[in-house]
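Open the model in your viewer and keep the selection tool ready. This tour goes from stop to stop, saying what to select and what is there.

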Amino acid sequence: MTTRILFVCLGNICRSPSAEGVVRACIAERGLDIQTDSAGTGGWHVGDPPYGAMQKTAAKRGYDLSDLRARQVSVSDFDSFDQIIAMDADNLHNLRALRSTGSQAQLSLLTDFAPQLGADHVPDPYYTRDFDGALDLIEHCIDGLLAQL
């Protein structure tokens, strides 16, 4: 059975497309049956590619984000995905507010999948400028997520 996962951050140009890129690489490596996408709770960057510095950092680790384009989360996503995973508590709060009654999608934080790290969110490298640190955390959390699937 295919697992469908949506990664969500604020603008869908740094953290969530990176998480999608990491999972896509794992799918290719391990032959996993996962469909993935990413989106933002805000619509400022709809149609834009991931942020250049994030793409460059990801590419150094073998993740190609160049074909991704930002989009905004929609109500229909709650019916299209099994898991919707937010990068921080603010985005999780916004997802809960948007979620329709009866949706079966599981909502969680990405950091829930690596509790041993003690992180409660993935810091936004658009503001912190720590693209490597954000990607390190995303990779650890994705390992935990895939171990649970």
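Buried means under 20% relative accessible area, exposed means over 50%, and partly exposed lies in between (1.4 Å probe, protein chains only). This is a predicted model: local features need pLDDT of at least 70, and side-chain atom pairs count only at pLDDT 80 or more, while totals for chains, interfaces and linings use all residues. Residues are numbered from 1 along each chain as its sequence is written, and side-chain values use heavy atoms, with hydrogens and water left out.

**Stop 1: the nonpolar core**

Select Phe-7, Leu-110 and Ile-142. Of the 32 residues in the largest nonpolar core, these three touch the most other members. (A nonpolar core is a set of buried Ala, Val, Leu, Ile, Met, Phe, Trp, Tyr and Cys residues joined through side-chain atoms within 4.5 Å.) Now colour strand E1 (3-9) and helices H1 (15-30), H2 (52-60) and H6 (131-148); each supplies at least two residues of this core. H6 gives the largest share, nine residues. Helices (H or I, at least four residues) and strands (E, at least two) are DSSP runs, numbered from the N terminus.

Centre on Leu-110. What is it in contact with, leaving aside neighbours within four places in sequence? The partners are Phe-7, Ile-85, Ala-86, Met-87, Val-122, Ile-138, Cys-141 and Ile-142. Contact here means heavy atoms within 4.5 Å. Then move to a second, separate core of 13 residues, among them Ala-39, Leu-92, Ala-105 and Leu-107.

**Stop 2: the cysteines**

How many disulfides does a search of the whole structure find? The search returns zero, where a disulfide is a pair of cysteine sulfur atoms within 2.5 Å. Select Cys-9: the nearest cysteine sulfur, that of Cys-14, is 7.0 Å away. Cys-9 is buried, at 2% relative accessibility. For Cys-141, the nearest cysteine sulfur belongs to Cys-26, 13 Å away. Cys-141 is buried too, with a relative accessible area of 0%.

**Stop 3: the aromatic cluster**

Select Tyr-51, Tyr-126, Tyr-127 and Phe-131, which ring pairs link into a cluster. Rings of Phe, Tyr and Trp (its six-membered ring) pair if their centres lie within 6.5 Å; planes under 30 degrees apart are stacked, over 60 edge-to-face, and the rest tilted. The count comes to three aromatic pairs. Tyr-51 and Phe-131 are stacked, 5.9 Å centre to centre with 25 degrees between the planes. Tyr-51 sits in the loop between strand E2 (34-40) and H2 and Phe-131 in helix H6, so the pair ties together parts 80 residues apart in sequence. Tyr-51 is partly exposed at 27%, whereas Phe-131 is buried at 8%. Tyr-126 and Tyr-127 pair edge-to-face, at 5.2 Å and 85 degrees.

**Stop 4: the salt bridges**

There are 10 salt bridges, each a side-chain nitrogen of Lys or Arg within 4 Å of a carboxyl oxygen of Asp or Glu. Start with Arg-15 and Asp-88, whose closest N and O atoms are 2.9 Å apart. Arg-15 is in helix H1, and Asp-88 is in the loop between strand E3 (83-86) and helix H4 (89-98), 73 residues apart. Are these two buried or exposed? Both Arg-15 and Asp-88 are buried.

Next, select Asp-132 and Arg-61, bridged at 3.1 Å between the closest N and O atoms. Asp-132 is partly exposed at 41% relative accessibility, and Arg-61 is partly exposed at 27%.
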